[in-house]
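Please look through the sequence and the structure shown here. The paragraphs that follow lead through the two chains part by part.

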Amino acid sequence: MAVLSPEQTKPVEQSKAFDGESVAALLKEGVDGAVVSASSAGIVVQNDKLIATLQWLKQSPDLAYDYFNSVTAVDWPDKFEVVYHVSSTSRGGPPLALKVNLNDKENPVVDSAGSVYYGAIQQEREVYDFFGVKFAGHPNLRRIFMWEGFEGYPLRKSYKEAYYEQDRKPFETRWDQGHHIIIEDRVPWHDNVIYPKDFDPTTYKQIREIVRVAPNINEGDVKALKTQPVVVSIGPQHPSTHGVFRMNVTLDGETVMALEPIFGYLHRNHEKIGERNMYIMNTPFTDRLDYLAGMCMETGYVIGVEKLMGVKPPERAEYLRVIMNEFTRIVSHMFGGIGQVYSDLGAFFTPIVIYGLEERELIIDLFEAASGSRMMCNYMRFGGVWRDVPEGWLDIARELVDNRLPKVADEMEKYLVHNEIFDIRAKNIGVLPADLAVSYGVSGPMLRASGVKYDLRRADPYSIYDRFDFDVPVGANGDIYDRMFLRIKEIRESIKILRQALRDIPNGETMSIKKAYSFKTPKGEVYAHIEAPRGEFGWYLVSDNTTTPYRYHVRAGDFVNLATMEQMCVGHKIGDLVGVLGSVDIIMGSVDR
Amino acid sequence: MSFDKSAPLMSIESDDAWLDEQVKKKVWTGPLDQAIKMVDSLYNWGRRGSIWPMQFGLACCAIEMIAAGGGRFDIARFGSELFRPSPRQADLMIVAGTVTKKMVPAIVRLYNQMAEPKYVMAMGACASAGGPFKEGYNVVSGIDKFLPVDIYVPGCPPTPQALFYGFLMLHKKINGQSIRNAPWYQAEEHEAIPEPILGPDIFDPRRAVEIKQLLGNESEMEARYIRLAARAELKHHKEGEAAPKPAAAKPVAAKPAPKPVAPAVAKTPAEAKLEENKADANFAQQAAQHHAATAKDDAPETKAADDAAKNA
């Protein structure tokens with residue numbers, strides 16, 4: 001497959017933005033009878049015309065919706081609504097929402113979009129796991145986060161977990177007459193479990209995991225050892241799986257023939273808890289999504305809720321947000337994107353401890369001074385930031401940005417990238433071609449390393465990123481080497497942004513509205529996405545005019561990026577596999593949510 | 001075998017007066033207790049100074065665990081810098097992060113694979129009790145539901161300093177142990193903790209029969225719901241009030257007790273505590289037993305042992 005070089009890729013321009021209504025007008029000519037209704041929020045299409053519509057949107061030269069952001073569902077009292085978000089890498093701009101109504105609540109079925117966008121396949125499994133919505137024609141429709149045999153579809157509104165108390169927080173019983181009540185006292189098993197009535201644990205046999213071996217293996221394919229392929233389960237406890245990630249790898253000798261990622265070992269119910277929390281309670285939870293980049297996660301969520309509320313933060317708060325976001329990007333790239341890859345490639349912990357952690361501590365001290373916490377900052381608020389930075393903070397930040405960080409970036413490049421051993425291990429390993437990357441919905445440094453110049457800070461600018469002068473670096477081949485080098489280049493661009501932001505930051509207020517614990521948002525829905533260190537993180541929020549979101553969905557960049565693991569690893573040795581996984585740069589908190 | 005523990009460990013009597021004198025001078029003789037304490041002190045000193053943790057991170061806390069290994073905090077000062085990827089080589093399992101139901105079988109298996117003596121540290125709120133994610137359907141309310149935990153480190157996530165304080169507490173605990181009563185030196189064999197099974201929901205195979213019986217007995221199940229709801233309310237019920245109505249047969253319907261019309265007389269915390277205990281005498285008894293057990297476990301025998309070492 002042809003790889004686009006940086007010159008060939010079209011520059012991302014802010015062309016005419018299409019919204020739901022204008023696209024629907026075009027769509028009426030393109031696909032006959034597809035549109036049910038259209039508004040600026042999105043287009044509702046006919047159930048049986050969905051695939052044709054997506055196909056047309058992707059192939060239309062004007063619209064060119066080639067990038068699949070996310071698919072999720074909303075459990076309304078009378079129907080399931082499956083929501084697709086697609087956008088265009090060549091045009092940029094906000095994504096388009098497409099909706100399909102499934103009126104049959106007992107057996108909701110919709111066609112799988114996997115034939116149009118590869119990226120849909122993995123995300124549709126998530127929707128099936130959470131809602132029980134079936135996707136016709138899906139190649140691998142199994143539970144993804146929960147185990148096979150788990151009872152119920154947890155994100156349906158009818159599903160009540162063992163510790164369920166009320167639909168919305170704050171719970172009435174939380175501080176009853178000055179006493180707390182231990183929730184274990186309220187459930188019969190004194191534990192977070194529910195068993196169906198006819199369940200017999202004495203004879204229960206755990207459902208065996210289905211291991212998918214390489215598709216279409218012929219006898220001639222297994223060449224090296226003339227034996228049967230071997231399936232190796234790597235993880236969930238493995239030093240190089242970055243937490244609790246697991247892969248089932250089919251091997252021919254040492255060569256990878258097939259790979260299947262297995263998720264869910266850190267699935268901690270972010271979305272279910274998020275739908276019960278009041279809006280402000282969710283901010284600290286977003287910190288724990290991508291826990292190396294907490295500030296970016298907060299920003300994305302806060303921007304989403306601000307769009308719902310219709311407020312804008314003051315200037316100083318916008319600058320502080322940008323400063324925090326770029327510092328976070330530097331920390332995250334140094335520690336996760338660069339340091340961990342080297343330890344995966346056999347440098348043990350030296351790059352993390354020497355290059356990754358030293359600067360991380362300096363930056364994290366700044367976060368602690370501003371917010372009070374090292375990692376889980378909880379700094380962003382709706383309509384601003386929690387409070388202004390303390391006196392002298394900006395000077396320390398300037399000193400760090402002007403004198404210290406550029407040197408570290410140079411040092412990293414000199415010793416880590418221009419390194420003979422690294423060259424041999426990383427070049428032409430784990431190649432991801434540009435067209436495949438786009439079709440899989442890959443985002444962040446991985447997408448740009450494949451040669452696609454698509455950065456949300458430029459393509460769909462949020463906050464005040466359109467004011468700054470910075471480049472979007474791209475790679476040429478899309479291998480481990482490119483991803484690594486790209487992250488160092490991105491650190492340089494972040495330093496550039498930080499210099500401008502620290503120079504231009506005005507004085508003034510940091511909150512535009514009165515701080516409120518509990519507030520209602522008007523009815524509506526929003527998809528807010530940001531360019532986090534691990535790709536596009538999107539928040540799909542549906543408000544029903546109450547204090548809690550009706551639907552709270554997070555599109556995690558690294559979860560989507562992981563779908564390409566098999567594509568990148570097949571044909572390489574098992575020793576390269578961990579390097580490829582490292583270069584994807586995953587954080588299980590956001591992969592499993 | 002029985003012998004007098006206070007008697008000297010060995011007595012040497014010979015005809016040679018000079019030899020006797022030399023033996024008394026050069027060879028330490030004393031009671032068995034004291035000898036064991038000497039061995040303990042040396043043994044514990046060696047063991048607590050080189051606890052090898054398992055390289056095992058679950059979630060956010062693992063990042064702070066790595067930071068603790070970095071140059072700024074330097075876990076090597078406590079002798080624990082050698083994170084081992086294999087459970088066979090590790091002494092300490094730091095459960096650093098949220099324990100999910102899907103992950104628990106793997107954690108229990110890892111614990112079973114560790115060689116004794118082994119310790120478990122629950123790092124952070126999630127591993128201790130479920131933390132902010134406790135209400136989630138896939139979250140276990142603390143790893144202590146399945147494994148014996150030695151040290152709890154609070155925080156979300158705990159700072160590296162907090163982790164080090166946990167290490168110091170673990171050192172203290174190890175100091176209090178003796179080869180005579182440490183569980184791994186007893187004659188009887190320890191059975192491995194059975195791995196929980198992922199059915200419609202997670203269950204411990206040791207509780208399978210109990211679960212089956214209770215699920216089969218519908219009236220008992222209903223009674224249990226009512227009793228639990230009543231108990232939860234009783235705990236916080238003021239004195240002199242009517243007993244709470246039994247709640248409906250579902251935990252979701254369990255409502256707090258009706259608020260008292262007249263403000264109740266303020267009580268001292270001790271009185272309130274006493275009343276609480278009365279409401280659940282069984283619980284108090286268990287707690288007392290637990291306290292006795294832990295006190296016994298952590299008895300500071302170090303001082304005596306040190307004295308013995310000095311005497312030697």
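Helices (H or I, at least four residues) and strands (E, at least two) are DSSP runs, numbered from the N terminus. Two strands pair if DSSP finds at least two bridges between them. The model is predicted; local features need pLDDT of at least 70, side-chain atom pairs count only at pLDDT 80 or more, and totals for chains, interfaces and linings use all residues. Residues are numbered from 1 along each chain as its sequence is written, while chains are lettered from A and ligands numbered from 1 in the order in which they are written.

In chain A, five strands form an open sheet in the order β1-β2-β5-β4-β3, and the pairing is mixed. The edges are held by β1 (35-38) and β3 (67-75) of chain A, each with a single partner strand, so one side of each has no neighbour in the sheet. On average, neighbouring strands of this sheet are turned by 25° against each other, direction ignored. Axes here are lines fitted to C-alpha atoms, for helices over the stretch in contact, and angles run from 0 to 180 degrees between N-to-C directions. Within the sheet, strands β4 (residues 80-87) and β5 (residues 96-102) of chain A run antiparallel and are joined by seven bridges. In this pairing F80(A) stands opposite L102(A) of β5(A). Helix α1 (residues 20-30) of chain A lies across β1, β2 (43-45) and β5 of chain A, and runs at about 155° to β1(A).

How is chain A divided into domains? Domain 1 of chain A covers 20-136 and domain 2 covers 270-592; these bounds come from an automatic or database domain assignment. The C-alpha centres of the two domains of chain A lie 27 Å apart. Their contact takes 22 residues from domain 1 of chain A and 20 residues from domain 2 of chain A, where two residues are in contact if their C-beta atoms, placed from the backbone, lie within 7 Å. On the domain 1 side, β3, β4 and α3 (119-131) of chain A are the elements that give two or more residues. The largest share of that side, six residues, comes from β3(A). By class, the domain 1 side has eleven nonpolar, ten polar and one charged residues. For these classes, Ala, Val, Leu, Ile, Met, Phe, Trp, Tyr, Cys and Pro count as nonpolar, Asp, Glu, Lys and Arg as charged, and the others, Gly among them, as polar.

Two packed helices are described by the angle between their axes and the distance between the axes. Helices α7 (residues 315-347) and α17 (residues 574-584) of chain A pack at an angle of about 175°, with their axes 8 Å apart. This angle makes α7(A) roughly antiparallel to α17(A). Angles under 35 degrees count as roughly parallel, over 145 as roughly antiparallel, 65 to 115 as roughly perpendicular and the rest as oblique. From α7(A) the contact takes Q340(A), V341(A), D344(A) and L345(A), and from α17(A) it takes V578(A), G579(A), L581(A), G582(A) and S583(A). By class, this contact has four nonpolar, four polar and one charged residues.

A helix pair in chain B has another geometry. The axes of α3(B) and α6(B) come within 9 Å and cross at roughly 80°, which makes α3(B) roughly perpendicular to α6(B). The contact is made by E64(B), M65(B), A67(B) and A68(B) of α3(B) with P160(B), L163(B) and F164(B) of α6(B). These residues divide into six nonpolar, no polar and one charged.

Most residues other than glycine have a negative phi, and most peptide bonds are trans. In chain B, the peptide bond from E116(B) to P117(B) is cis, with omega near -5°; P117(B) is in the loop between α4 and β2 (119-123) of chain B. C156(B) and P157(B) are also joined by a cis peptide bond, with omega about -10°, and P157(B) lies in the loop between β3 (151-153) and α6 (160-175) of chain B. In chain A, N378(A) is not a glycine but has a positive phi of about 50°.

The contact between the chains takes 60 residues from chain B and 61 residues from chain A. On the side of chain B, α3 (60-69), α4 (104-113), β4 (197-198), β5 (202-203), α7 (208-216) and α8 (218-234) each supply at least two residues. The predictor gives the complex an ipTM of 0.87 and a pTM of 0.83. The mean pLDDT of chain B is 74, and 67% of its residues reach 70 or more; pLDDT is the predictor's confidence in each residue, from 0 to 100.
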